[in-house]
Amino acid sequence: MLAAASAFTLTTPATLSGLSYAFDLDAEALFDEMSDEGVPASLANRLRYQTFIAQLKDTVLSNLWSTADCILVPAVHAEAAAAINWKNPSGSKIVLSAPAPTFTPYRGWLTDGTTRATLPFNPTAGVNFTQNSNRGCVWLMTNLGVSSILGWFDGTDGWTMAPRLSTDQIGFRAAQASQSTTAGGGVTNGTGLTSTHRTASNATNVAKNGIAVSVTGNANQTSTTLNNHDFLLGAITDGAGSACEAAIIMFGAALTSAQQRENEFLVCDAFITGLPA
């Protein structure tokens with residue numbers, strides 16, 4: 001078992017140079033789609049992305065790949081590549097608002113409260129993501145947002161996430177009406193990985209960088225029917241949104257143990273750490 005993030009590193013492309021390569025079939029599908037979009041990945045990036053997929057599939061690291069319905073990685077080498085769902089590369093892509101958020105290679109899109117992205121994920125079409133077992137995680141590169149930046153809220157209920165509210169709390173809805181919150185003042189930085197999990201009709205939890213954070217407001221809300229609407233990044237309604245810069249976004253089944261949630265952070269952190277400066 002992995003005790004801490006510092007105990008885990010991924011093999012990087014630099015250490016693999018000069019060898020011959022046999023890529024995973026899902027990685028090959030991703031690379032083919034990037035090429036079809038006119039933004040082929042270099043060998044270094046193919047190795048980088050392959051390593052991330054391999055670690056997401058690693059059973060020792062909880063096989064996060066198999067429980068995910070949607071894996072979006074905006075922190076890649078080109079904007080067209082950033083729009084691809086790694087779980088279904090040839091399927092629907094991220095669609096940007098007009099005007100569009102600003103893209104930076106290896107960081108992702110920066111929304112500003114008016115710009116946003118529509119994600120290729122509708123929870124009602126999820127296989128692993130269900131009303132009573134769902135998770136969403138987002139890795140933010142910049143400490144900007146002070147309201148919800150991910151999901152969809154129809155005015156009554158929904159699935160939403162705010163990695164940092166203006167009151168320095170995490171706020172979330174995991175298919176529920178009222179927003180749940182962590183203790184005020186406890187989260188002063190929204191960067192890194194925030195993940196929320198619904199493990200039963202009346203049980204939810206949240207983790208920051210793989211570590212559980214106590215939910216003190218509206219804890220364990222009863223689940224509601226999933227809304228038939230694509231999730232947004234940079235907003236949760238058609239109205240005003242919030243600034244954010246997301247590098248990784250994943251949706252799928254809930255992770256039910258502390259070790260699984262730590263593994264999710266470890267794998268994502270290794271990918272982010274290995275990106276070009």
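Predicted model: local features only at pLDDT ≥ 70, side-chain atom pairs only at ≥ 80, totals over all residues.
Modeller: Residues are numbered from 1 along each chain as its sequence is written, and side-chain values use heavy atoms, with hydrogens and water left out.

Biologist: How far apart are the end C-alpha atoms of helix α4?

Modeller: Helices (H or I, at least four residues) and strands (E, at least two) are DSSP runs, numbered from the N terminus. The expected span of a helix is 1.5 Å times one less than its number of residues. For the 16 residues of α4 (258–273) this gives 22 Å, and the end C-alpha atoms agree, being apart by 22 Å.

Biologist: How many residues of α4 are buried?

Modeller: Buried means under 20% relative accessible area, exposed over 50%, and partly exposed in between (1.4 Å probe, protein chains only). Elements that cover the buried residues of α4 include α2 (43–57), β6 (134–140) and β16 (243–252), where contact means heavy atoms within 4.5 Å. The helix is mostly covered, and of its 16 residues the number buried is twelve.

Biologist: Is strand β8 largely enclosed or open, and how many of its residues are buried?

Modeller: From β8 (158–162), Gly 158, Thr 160 and Ala 162 point one way, while Trp 159 and Met 161 point the other way. Residues on both sides are buried. The strand is therefore largely enclosed by the rest of the structure, the buried count being five of five.

Biologist: Which residue in β9 stands opposite Ala 162?

Modeller: Two strands pair if DSSP finds at least two bridges between them. β8 pairs with β9 (171–176) in the antiparallel sense over five bridges. Opposite Ala 162 stands Gly 171.

Biologist: Does Ser 62 count as buried or exposed?

Modeller: Ser 62 lies in the loop between α2 and β1 (68–72). Its phi is near 85°, a positive value in a residue other than glycine. Because its relative accessibility is 18%, Ser 62 counts as buried.
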